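Visitor: Hi! Could you walk me through this one, strands and helices both?
Guide: Happy to, let's have a look together.

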Amino acid sequence: MSEAKIKKITPESLEEAADLLRRGQLVAFPTETVYGLGADACSDEAVASTFQAKGRPQFNPLIAHIADISWVDSFAVFSPSARKLAEAFWPAPVTLVMERKPDCPISLLVSAGLDSVAVRYPSHEGARAMIAAFGNPVSAPSANVSGTVSPTTAEHVFQSLGDRIPLILDGGPCLVGVESTVLDVRADKPVLLRAGGLAVEEIVEKTGLDVLFPDKDPALPRSPGQLSSHYAPRLPVRLNALYPEEGEAFLGFGAVENATLNLSEKADVREAAAHLFAYMRLLDKPCYRGIAVSPIPMNDLGLAINDRLKRAAYPRS
Ligand code: TXA
Ligand code: MG
């Protein structure tokens, strides 16, 4: 395939994207969290080509993206907690894992053969406009090669998948910068499968729901696709560093000295989340021998940042 075209979001580029999706092709598009690699969620072939383009293991299910809450009724079951969360937050950076309806038209490849489906209604206007123009659910993992740092600009997508897809819609840098929070909402209490762009504190405060953490209870469901090594730059990553060692790049947070780049000088975890992946890419250069990262607090989006950093630092074979 020839190189991907990068196009700003206009009525014409949205129509082109919808048309490519209808023809079973892949389109990268911006969301508020990271760029997604979109495909027709109801087409086995289109979804299969997503796994192929990313080199993603087929046991890791994808998220179905929608452009209106009412779309859910045609393919998944709202539990009471799912309803509550959707009404409180959607559109937002939170993905809800629901039970598939028996006649669910969404490809089983999206669910990796499970009887559940992950649903996300993104708040990014460009994303919603593209999904609405297509008119059906769009499956979309992050638009990068599996295991590598997620893309937060159209240029990042181009670097990763530019030779494998026809079109990248450019909506500028993603404002949240870490992937959506994933909650299994099939039971009364939501289970946190992935910390992400909607803070657990906000979920608890706004809904009164008790969020459960699988790492604290082995009986709870776990994310099928969360690999120990993920979101990884080429260089080794060293966590909770107070200063850089010889030859390391230093990704700082707060009032630290000698930072090569600082995620947030004012120690704001939301600003840090928005910078995280772009700065990891900028520091992933052969002139350094590793990336040392400041400690990041565990509150608010700090939970998601620490999750991504832990996986980025995980020893690779
Ligand atoms: O912010 C996001 O969520 C971005 C944008 C593009 O929307 N998408 C994204 O997709 O991060 P991906 O494929 O990189 O991550 C999807 C996560 C994985 O951890 C996967 O295991 C989980 O959602 N997931 C998907 N379907 C699931 C299911 N049926 N049950 C449990 N977890 C599921
Ligand atoms: Mg991903």
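Guide: One term before we start: two strands pair if DSSP finds at least two bridges between them. Also, this is a predicted model.

Visitor: Good to know. How many bridges join strand S13 to S14, then?
Guide: There are 2 bridges between S13 (residues 248-252) and S14, and these strands run parallel. Within that pairing, leucine 251 sits opposite leucine 261 of S14.

Visitor: And what is the strand order in that sheet?
Guide: The order is S12-S15-S13-S14, an open sheet of 4 strands with parallel pairing.

Visitor: Which are the edge strands?
Guide: Strand S12 (237-238) and strand S14 (261-262), each of which pairs on one side only.

Visitor: Remind me, what do strands of a sheet pair through?
Guide: Backbone hydrogen bonds, and the pairing can be either parallel or antiparallel.

Visitor: OK, let's move to S9. Which way do its residues point?
Guide: In S9 (residues 167-170), Leu167 and Leu169 point one way, while Ile168 and Asp170 point the other way.

Visitor: Are those four buried or exposed?
Guide: They are all buried, Asp170 included.

Visitor: What does S1 do with S9: parallel or antiparallel?
Guide: Parallel: S1 (residues 5-8) is joined to S9 by 4 bridges. Aspartate 170 turns up again here, as the bridge partner of lysine 8.

Visitor: How many bridges does S2 have with S9?
Guide: Strand S2 (residues 27-29) pairs with S9 over 2 bridges, in the parallel sense. There, valine 27 stands opposite leucine 167.

Visitor: Switching to helices. At what angle do H1 and H4 cross?
Guide: Roughly 50°, with the axes of H1 (residues 11-22) and H4 (residues 125-134) coming within 8 Å. Angles from 65 to 115 degrees would count as roughly perpendicular and those under 35 as roughly parallel, so H1 and H4 are oblique to each other. The crossing of H1 past H4 is right-handed.

Visitor: Which residues meet there?
Guide: From H1, Leu14, Glu15, Ala17, Ala18, Leu21 and Arg22 meet Gly126, Ala129, Met130, Ala133 and Phe134 from H4. By type, the residues of that contact are 8 nonpolar, 1 polar and 2 charged.

Visitor: And how do H3 and H6 cross?
Guide: At roughly 105°, with the axes of H3 (residues 80-89) and H6 (residues 200-207) coming within 11 Å. That makes H3 roughly perpendicular to H6.

Visitor: What's in that contact?
Guide: Lys84, Leu85, Ala88 and Phe89 of H3 meet Glu202, Ile203, Lys206 and Thr207 of H6. Those residues divide into 4 nonpolar, 1 polar and 3 charged.

Conventions: Residues are numbered from 1 along each chain as its sequence is written. Chains are lettered from A and ligands numbered from 1 in the order in which they are written. This is a predicted model: local features need pLDDT of at least 70, side-chain atom pairs count only at pLDDT 80 or more; totals for chains, interfaces and linings use all residues. Side-chain values use heavy atoms; hydrogens and water are left out. Buried means under 20% relative accessible area, exposed over 50%, partly exposed in between (1.4 Å probe, protein chains only). Axes are lines fitted to C-alpha atoms, for helices over the stretch in contact, and angles run from 0 to 180 degrees between N-to-C directions. Angles under 35 degrees count as roughly parallel, over 145 as roughly antiparallel, 65 to 115 as roughly perpendicular and the rest as oblique. A crossing is left-handed if the near helix is turned anticlockwise from the far one by less than a right angle, and right-handed if clockwise. Contact means heavy atoms within 4.5 Å. Ala, Val, Leu, Ile, Met, Phe, Trp, Tyr, Cys and Pro count as nonpolar, Asp, Glu, Lys and Arg as charged, and the others, Gly among them, as polar.
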